[in-house]
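Trainee: Hi, could you walk me through this one? I'd like to ask things as they come up.

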Amino acid sequence: MNDLTVSNIERQNVLNNNYALQAIQENLDVNGLRFHEQLLFTTKMVAEFYDVDERTIKRYVQVHGDELRDNGYFLSEGNSLKELKLHFVGDINVPKYTRQLGIFPFRAFLNIGMLLTESEKAKQLRTRILDIVIATINSRAGGGTKYINWRDRDYLPTAIKSENYRKNFTQAVGKYVDGLPTYKYEQITDLIYKAVFRENAKEYREVLRLQNEENVRHTLYAEVLLCISSFENGVAHEIVNGYSNNGNKQLTIEEVKAIIDKLASAPMMEPFINDARSKMASRDVAFRDAWHGNLAEYLRAVTPDEFDKFIGDTSIDFDNILEANREVLKRLKQADDDEN
């Protein structure tokens, strides 16, 4: 993970992970104000915890106001402030005629701790936060995240459907493209991977630290796999048409590359390719600590719904997937063997 003080995306990947937030709150020795089932902190309390001046906190609120407000910071005033004062008589030292009071819920309290560069305590907290986040994700994912994509309920149905599209592609390449079977298949696959997520298979393996025997497709998120399969199916269709229009003469690799380049630039493919790039780049940073440098411009914070999908109660336990779909997985494995 990158430095939390400089990366808004990294900060949000922590703050959007409700499972990590709960673990962080349980592991930190912080005393806030319990109000309507929330843990709240005044500006004074935040400054005291991080051992900085209140003016420093207010300055960060000014500079990073939008981000802090998105993570819960608010100004309590009017009846809301009156209710707070009555609820915490003696617990908050607020001048009688104060009309506004800055309030930090726990998310915003952590958020400002990720921003503060003047505080040694904030620096120590950031280290603890990252350790807890990594431990929480690994624990909820069953000990590892290389195949966290399998925890998505949509993964197996997508993998099964993609098998048929994959066969269309391999058959078209085998029959209608000139070249050695293994070489031309690998070359064209790499051209498609480059077109969709700007990495060939070897580069992708290095980013995810995959072993030789591990299949790249088995690590792809359902949306990415669907995009790749759609692309392969389109390429297969154009290869067959090209062979027919070419007087039943096999296409060269260069001719197939022209097909791939044209399909990659087609307006109808743009939203699907962009979505696949964004999901792969963003989720791999958050879940696998894997950085796709060629997709940096597509990086965004992972949403709370995505955390639920892959490490929440709505995700599927990996072992149960294997047991419930043993026959399906055998079929997918056989398809891999047939290709190799």
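Trainee: What does the secondary structure of the chain come to?
Mentor: The chain has 17 helices and four strands, where helices (H or I, at least four residues) and strands (E, at least two) are DSSP runs numbered from the N terminus. This is a predicted model, where local features need pLDDT of at least 70, side-chain atom pairs count only at pLDDT 80 or more, and totals for chains, interfaces and linings use all residues. Residues are numbered from 1 along each chain as its sequence is written, and side-chain values use heavy atoms, with hydrogens and water left out.

Trainee: Where is confidence lowest and where is it highest?
Mentor: Helix 17 (residues 326-339) is lowest, at a mean of 58, and helix 7 is highest, at 97. That is pLDDT, the predictor's confidence in each residue, from 0 to 100. The mean for the chain is 89, and 88% of its residues reach 70 or more.

Trainee: Nice. What does helix 7 pack with, and at what angle?
Mentor: Helix 7 (residues 106-115) packs with helix 1 (residues 8-15) at about 150°, and their axes are 11 Å apart. Axes are lines fitted to C-alpha atoms, for helices over the stretch in contact, and angles run from 0 to 180 degrees between N-to-C directions. The two helices are therefore roughly antiparallel, the label for angles over 145 degrees.

Trainee: Which residues make that contact?
Mentor: Helix 1 brings R11, Q12, V14 and L15, while helix 7 brings R107, L110, N111, M114 and L115; contact means heavy atoms within 4.5 Å. Five of these residues are nonpolar, two polar and two charged.

Trainee: Switching topic: where does G32 lie?
Mentor: G32 is in the loop between helix 2 (18-27) and strand 1 (33-35). Leaving aside residues up to four places away in sequence, G32 touches L39, L40, F41 and M45.

Trainee: What about phi for N248 and D289?
Mentor: N248 has a positive phi of about 60° although it is not a glycine, and phi of D289 is near 50°, also positive. Most residues other than glycine have a negative phi.

Trainee: Where do those two lie?
Mentor: N248 is in the loop between helix 12 (222-245) and helix 13 (253-264). D289 is in the loop between helix 14 (270-288) and helix 15 (304-311), and D289 is partly exposed, with a relative accessible area of 46%.

Notes: Angles under 35 degrees count as roughly parallel, over 145 as roughly antiparallel, 65 to 115 as roughly perpendicular and the rest as oblique. Ala, Val, Leu, Ile, Met, Phe, Trp, Tyr, Cys and Pro count as nonpolar, Asp, Glu, Lys and Arg as charged, and the others, Gly among them, as polar. Buried means under 20% relative accessible area, exposed over 50%, partly exposed in between (1.4 Å probe, protein chains only).
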